[in-house]
Amino acid sequence: MDASPVRIRFTLNGEPKSAEFSAETTALKLIRDGLKLKGTKEGCGIGECGACTLIVDGKAANSCLMLAAQLDGRTVQTIEGLGAPEALHPIQDAFVRKHGVQCGFCTPGLLMSTKALLDQNSTPTRAEISKAIAGNLCRCTGYHHIFASIEDAAQTNKERT
Ligand code: FES
Ligand code: FES
């Protein structure tokens, strides 16, 4: 069996990056364990919960279902590339103000799905929001505050443009 490592180059949070890993490594494992970006969460590991969502070439993707090799040449954003504690991204700020965060485990994935949505559609309807976050499970909030957070972020976006 060929055990030679896979090498890739990609753009991660705006910076060029190279990585080397074994062939069966998932994108989630590379991000969390290889690159130590622990903001991306591992929940189910089988594409059901959305905790592991990244933005890959502008689209939300479940990183537990991708091989790390699939990131070769792609542009990837993780939660670490969104904002910082001292300078929250407007989407993060909206989730804080509108109580879209409770335990927080689903939050990085939801923020990535929201960012991908608002980058494509700055004024989404409730139905469009629902579709965009359909893969992100939250067991705490009942979703009401999440919808309110996303609508607030969209409104803030609109006022800034
Ligand atoms: S950990 Fe990837 S979808 Fe649940
Ligand atoms: S805030 Fe706890 S799972 Fe969503």
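This is a predicted model: local features need pLDDT of at least 70, side-chain atom pairs count only at pLDDT 80 or more; totals for chains, interfaces and linings use all residues.
Asp119 and Lys115 sit four residues apart in helix H3 (residues 107–120), so about one helical turn separates them. These two side chains form a salt bridge, with their closest N and O atoms 2.8 Å apart.

**Other salt bridges**

How many salt bridges does a search of the whole structure find? There are eight. Side chains of opposite charge can pair when their charged atoms come close. Another of these pairs joins Arg97 and Asp152, whose closest N and O atoms are 2.6 Å apart. This pair links distant parts of the chain, as Arg97 belongs to helix H2 (residues 90–97) and Asp152 to helix H5 (residues 144–160), 55 residues apart. Arg97 is partly exposed, at 39% relative accessibility, while Asp152 is buried, with a relative accessible area of 15%.

Asp33 and Lys38 also form a salt bridge, with 3.3 Å between the closest N and O atoms. Asp33 is partly exposed, at 32% relative accessible area, and Lys38 is partly exposed too, at 37%.

| Salt bridge | Closest N and O atoms |
|---|---|
| Asp119 and Lys115 | 2.8 Å |
| Arg97 and Asp152 | 2.6 Å |
| Asp33 and Lys38 | 3.3 Å |

**The chain as a whole**

Stepping back, the protein chain has five helices and five strands. From the N terminus on, its elements run β-β-α-β-β-β-α-α-α-α. Its radius of gyration is 16 Å, close to the 15 Å that the globule rule gives for 161 residues, so the chain is as compact as a globular protein of that length. Along the principal axes, the C-alpha atoms fill a box of roughly 55 × 30 × 30 Å.

Of the 161 residues, 42% are buried. Among contacts with a separation of 6 or more, 55% are between residues 24 or more positions apart. The chain exposes about 8600 Å², and carbon and sulfur atoms supply 51% of that area.

Finally, back to charge: the protein chain carries 18 positive and 17 negative side chains, and the centres of the two sets lie 2 Å apart.

Definitions and conventions: Residues are numbered from 1 along each chain as its sequence is written. Chains are lettered from A and ligands numbered from 1 in the order in which they are written. Side-chain values use heavy atoms; hydrogens and water are left out. A salt bridge is a side-chain nitrogen of Lys or Arg within 4 Å of a carboxyl oxygen of Asp or Glu. Buried means under 20% relative accessible area, exposed over 50%, partly exposed in between (1.4 Å probe, protein chains only). Helices (H or I, at least four residues) and strands (E, at least two) are DSSP runs, numbered from the N terminus. The radius of gyration is taken over C-alpha atoms; the globule rule is 2.2 Å times the number of residues to the power 0.38. Contact means heavy atoms within 4.5 Å. Accessible areas come from the Shrake-Rupley method with a 1.4 Å probe; for residues, only the protein chains shown count as cover. Lys and Arg count as positive and Asp and Glu as negative; His and the chain ends are not counted. The place of a charge is taken as NZ of Lys, CZ of Arg, CG of Asp or CD of Glu.
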